[in-house]
Amino acid sequence: QGPRSVVVMVALLFGLACIYMGMVMGGLMLLFGFMLIRMLGQGSLALVSNYTINQWWLRRRGMAIGMAGVLMALFGMGLFPNLLNWLIGQLGWRATYVTMGLVLIFVMAPIGYLFYRSRPERYGLLPDGAASPSTHRGQNAAPEIIEEEWTLAEALRTPAFWIVASGLASVAMLATGLTFHMVSIFEDNQHSADAAAAVYVPIAIVSAAVNLGSGLLVDRMPVRFLLSGALFIQASALIMAQSLNSVPMALAYGAALGVLFGMIRTLSSVIWPTYYGRRYLGSITGVTTTISVAGSALGPLPMGVARDMLGSYNLALTVLAIIPLTLSVVALFMKRPTKANE
């Protein structure tokens, strides 16, 4: 199936899942609903979007991902949480879920049908807007980029695959935990729920700027440095979350999360086709997205258990910070896989 049919199907299913969430009764239905939301939203819909961008851009891939990330940051993290917070106050959480479902079905699915397309080669084009292979062979054309095409089985045998997958899963796990417990973390630091929602504004602004900046950097420097930096910032955010006792500190925490989200959005989209090519990108990112989503499902649990049992998030946040800090050091020494060295 091409991205167009897949994104339409996922958008429709995601919309139905949101409508279902507006009708849940009891813990089991709620658990099943959250599984659907995470699988179809963060998993499938994000996967097919990144897949399409990576197929259509090669030399300018980082810039394209960065620009997409700017829109994601401004609307997805800046506008959307505050819009939902307002809608819940106006309609209640059940009607808000139903409204989101209807938007997905009647807006997102038609947009996906009209605009999503598969690999440019199927339409006589090349990545980055070239009209034909001869365009790249002109006298003033840049040298053609040769991609190493790795199958999923080949990629799984490289250390880089597991280092990157572990790093991205760590960020997904811990960032999701911080997001799920954002209101409680702020309340423990004497801030209101409205302040917790408002911090998404600096998160979004910083994330948008970093998305664009990291998108330009990733085309010019080894991605392992950016991955290491993102993991270090993740560890720092876990430590900062323990002492948000002033407005400047809360804003600094939001800025740190914005840097993290901006960098990781670019990295998680670019690193797989950069290391393993585009031909088998769907199967490779399918596995890595599953690993990341599984990690994100585990993130809120240890933080919630720690708060219930110990009365504070602090011990859990300190212990969990060891994970990204360790992976940050490992990522610095990661080597890009090459078939010549297999």
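Predicted model: local features only at pLDDT ≥ 70, side-chain atom pairs only at ≥ 80, totals over all residues.

User: Which side chains meet in the salt bridge?

Analyst: A salt bridge calls for a side-chain nitrogen of Lys or Arg within 4 Å of a carboxyl oxygen of Asp or Glu, and here the N to O distance is 2.8 Å. The pair links distant parts of the chain, since one partner sits in helix H7 (residues 182–188) and the other in helix H13 (residues 300–310), 119 residues apart. The side chains that meet are those of Asp188 and Arg307.

User: Which residues touch the most other members of the largest nonpolar core?

Analyst: The largest nonpolar core holds 61 residues, and helix H11 (residues 247–276) gives the most to this core, with 14 residues. Apart from it lies another core, of 20 residues, which includes Val24, Leu40, Val48 and Ala109. Within the largest core, the residues that touch the most other members are Leu178, Met182, Tyr253, Leu257, Trp272 and Tyr276.

User: With which residues is Met182 in contact, leaving aside its neighbours within four places in sequence?

Analyst: Contact here means heavy atoms within 4.5 Å. Two of the partners, Tyr253 and Leu257, are themselves among the residues that touch the most other members of the largest core.

User: Why does Ser269 count as buried, and what does Ser269 touch?

Analyst: Ser269 lies in helix H11. Ser269 counts as buried because its relative accessibility is 1%, and the cut-off for that class is under 20%. Not counting residues up to four places away in sequence, Ser269 touches Asn50, Asn54 and Ile65.

User: Is Ala256 buried or exposed, and which residues is Ala256 in contact with?

Analyst: Ala256 also belongs to helix H11, and its C-alpha is 21 Å from that of Val330, a residue 74 places apart from it in sequence. With a relative accessible area of 13%, Ala256 is buried. Its contacts, once neighbours within four places in sequence are left aside, are Ile233 and Met240.

User: How many residues of H6 are buried?

Analyst: Helix H6 spans residues 159–180, and it reaches 31 Å from its first C-alpha to its last, close to the 32 Å expected at 1.5 Å a residue. The helix is mostly covered, and of its 22 residues the number buried is 17.

User: What is the accessible area of the nonpolar patch on the surface?

Analyst: The patch is formed by Leu102, Val103, Phe106, Val107, Ile111, Tyr113, Leu114 and Phe115. One of them, Ile111, lies in helix H4 (residues 93–115) and counts as partly exposed at 38% relative accessibility. Together these residues have an accessible area of about 840 Å².

User: What distance separates the C-alpha atoms of Arg336 and Thr158?

Analyst: Arg336 is placed in the segment after helix H15 (322–332), where it touches Thr274 and Tyr275, not counting residues up to four places away in sequence. Although Arg336 and Thr158 are 178 residues apart along the chain, their C-alpha atoms are separated by 9.2 Å.

Conventions: Residues numbered from 1 in each chain as written. Heavy atoms only, no water. Helix = DSSP H or I, 4+ residues; strand = E, 2+ residues; numbered from the N terminus. Expected span 1.5 Å × (residues − 1). Buried < 20%, exposed > 50% of the residue type's maximum accessible area, 1.4 Å probe, protein only. Patch = residues over 30% accessible without salt bridge, like charges linked within 9 Å, V, L, I, M, F, W, Y side chains within 5 Å. Areas by Shrake-Rupley, 256 points an atom, 1.4 Å probe, with all protein chains shown as cover. Core = buried A, V, L, I, M, F, W, Y, C linked by side-chain atoms within 4.5 Å.
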